[in-house]
Amino acid sequence: MDESARVELEQPRFEHGHFLLIAGLGGRFTQQSTQGIPELWEKFIPHLGRIPGQKDEVTYGVCCNFDGKGGFDYIAGVEISKLDDLPETYRWVEVQPQRYAVFEHKGPLSALPETFRYIFDTWLPHSGHQAQDAPEFERYSEDFNPKRHTGKLEIWLPIKA
């Protein structure tokens with residue numbers, strides 16, 4: 001095992017999330033095709049501030065519609081206030097209020113897959129918690145800048161109460 005790829009995370013905090021309506025650009029992925037997600041973000045960045053009903057500058061990467069075979073939808077997006085004026089260009093998802101384990105990812109975005117592996121392969125099986133069949137998401141703070149390593153990136157994992 002490559003020790004440089006080892007990830008150690010601080011214990012998560014637990015939160016009850018509120019309703020989110022997220023809209024952005026989306027695609028269908030598998031664990032083998034997640035390398036396409038950064039490209040999706042590159043396409044999405046020019047849309048920031050131009051999405052009808054956009055609430056703020058926080059961005060989200062939402063994983064949803066899991067098929068049980070490793071496939072899922074991923075939406076790079078922002079929170080919006082309503083769907084009324086949303087062009088068909090955008091995909092959207094409703095994230096219902098529920099309980100989450102919230103992890104903070106530190107380090108480069110290239111290490112994000114290792115963080116997810118740690119959460120699902122190490123933390124979750126030993127935590128006494130079970131994942132909920134609901135959207136999970138990455139939350140990027142307003143000041144998040146992957147090139148400067150500034151801002152905060154959190155992973156919100158839905159768990160059964």
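Tutor: We take the sheet, the helices, the aromatic pairs and the cores in turn.

Tutor: Keep in mind that this is a predicted model.

Student: What is the strand order in the open sheet of eight strands?

Tutor: The order runs β1-β6-β8-β7-β3-β4-β2-β5, and the pairing is antiparallel.

Student: What makes β1 and β5 edge strands?

Tutor: Count partners. β1 (13–16) and β5 (91–95) each have a single partner strand, so one side of each has no neighbour in the sheet. On average, neighbouring strands in this sheet are turned by 30° against each other, direction ignored.

Student: How do you know that β3 and β4 pair?

Tutor: Pairing takes at least two bridges. Strand β3 (residues 54–64) and strand β4 (residues 72–80) share seven bridges, in the antiparallel sense. For a landmark, find C63, which stands opposite Y74 in β4.

Student: What does helix α1 touch on the sheet?

Tutor: Helix α1 (residues 37–44) packs against β2 (20–29), β3, β4 and β7 (136–140). Its direction makes about 30° with that of β4.

Student: And which strands does helix α2 touch?

Tutor: Helix α2 (residues 112–127) touches β1, β6 (99–105), β7 and β8 (153–158). Its direction makes about 35° with that of β8.

Student: Now the rings. How many aromatic pairs are there?

Tutor: The count comes to 12 aromatic pairs.

Student: Why is the pair of W41 and Y140 called edge-to-face?

Tutor: Two checks. Ring centres must lie within 6.5 Å, and planes over 60 degrees apart count as edge-to-face. W41 and Y140 have centres 5.2 Å apart and planes at 70°, so the pair is edge-to-face. W41 sits in helix α1 and Y140 in strand β7, so the pair ties together parts 99 residues apart in sequence.

Student: Why are W41 and Y140 called buried?

Tutor: Buried means under 20% relative accessible area. W41 has 13%, so W41 is buried. Y140 has 5%, so Y140 is buried too.

Student: What makes the pair of F137 and W156 stacked?

Tutor: Planes under 30 degrees apart count as stacked. For F137 and W156 the planes are 15° apart, and the centres are 5.4 Å apart. This pair links F137 in strand β7 to W156 in strand β8, 19 residues apart. Burial follows the rule of under 20%. F137 is at 4%, so F137 is buried. W156 is at 9%, so W156 is buried.

Student: Which residues touch the most other members of the largest nonpolar core?

Tutor: Y74 and F103 do, in a core of 31 residues. Two or more residues each come from β2, α1, β4, β6, α2 and β8. α2 gives the most, with six residues.

Student: What does F103 touch?

Tutor: Leaving out residues up to four places away in sequence, F103 touches L9, E10, P12, I119, W123, L153, E154, I155 and L157. There is also a second, separate core of 13 residues, which includes I22, V93, F137 and W156.

Student: One last residue. Why is G49 called exposed?

Tutor: Exposed means over 50% relative accessible area. G49 reaches 57%, so G49 is exposed. G49 lies in the loop between α1 and β3. Its C-alpha atom is 9.2 Å from that of V78, 29 residues apart along the chain.

Terms used: Residues are numbered from 1 along each chain as its sequence is written. This is a predicted model: local features need pLDDT of at least 70, side-chain atom pairs count only at pLDDT 80 or more; totals for chains, interfaces and linings use all residues. Side-chain values use heavy atoms; hydrogens and water are left out. Helices (H or I, at least four residues) and strands (E, at least two) are DSSP runs, numbered from the N terminus. Axes are lines fitted to C-alpha atoms, for helices over the stretch in contact, and angles run from 0 to 180 degrees between N-to-C directions. Contact means heavy atoms within 4.5 Å. Rings of Phe, Tyr and Trp (its six-membered ring) pair if their centres lie within 6.5 Å; planes under 30 degrees apart count as stacked, over 60 as edge-to-face and the rest as tilted. Buried means under 20% relative accessible area, exposed over 50%, partly exposed in between (1.4 Å probe, protein chains only). A nonpolar core is a set of buried Ala, Val, Leu, Ile, Met, Phe, Trp, Tyr and Cys residues joined through side-chain atoms within 4.5 Å.
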